[in-house]
Amino acid sequence: MLEDNLPHWDGRRRPYYEVWYLKLNHLASGTALWVRYTTLAPQNAREPLRAELWGIFFDPATGAHCAGKRAVPAHELGLGRDP
């Protein structure tokens, strides 16, 4: 169902942790891309609400891997229930 893939966090509830991720594999080369999106509302109200975007690229032929992460305050998140 489409509703299952929409955000469930109401923007206030603590603690809360919600994750979406996608993994792509290229069979011929063995390379892969992993993308993860996280909404985090820590139990401690002094800790900020935040969203995180992670990405990792794997290349087994060269052994080269590239990773990155960006965290933003939750008010920049713009979550909505409209598909």
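Let me begin with a definition: two rings of Phe, Tyr or Trp, the last taken by its six-membered ring, pair if their centres lie within 6.5 Å, and planes under 30 degrees apart count as stacked, over 60 as edge-to-face, and the rest as tilted. What we have here is a predicted model, in which local features need pLDDT of at least 70 and side-chain atom pairs count only at pLDDT 80 or more, while totals for chains, interfaces and linings use all residues. Residues are numbered from 1 along each chain as its sequence is written, and side-chain values use heavy atoms, with hydrogens and water left out.

Searching the whole structure gives one aromatic pair. Its members are Trp20 and Tyr37, tilted at 35 degrees between the planes and 5.8 Å centre to centre. Because Trp20 belongs to strand E1 (residues 16–25) and Tyr37 to strand E2 (residues 32–41), the pair ties together parts that are 17 residues apart in sequence; strands here are DSSP runs of E, at least two residues, numbered from the N terminus. Trp20, at 24% relative accessible area, is partly exposed, and Tyr37, at 26%, is partly exposed too, where buried means under 20%, exposed over 50%, and partly exposed in between, with a 1.4 Å probe and protein chains only.

Turning to the chain as a whole, the pattern along the sequence is β-β-β-β. With a radius of gyration of 16 Å, well over the 12 Å that the globule rule gives for 83 residues, the protein chain is more spread out than a compact globule; that radius is taken over C-alpha atoms, and the rule is 2.2 Å times the number of residues to the power 0.38. Of those 83 residues, 23% count as buried.

Definitions and conventions
Helix = DSSP H or I, 4+ residues; strand = E, 2+ residues; numbered from the N terminus.
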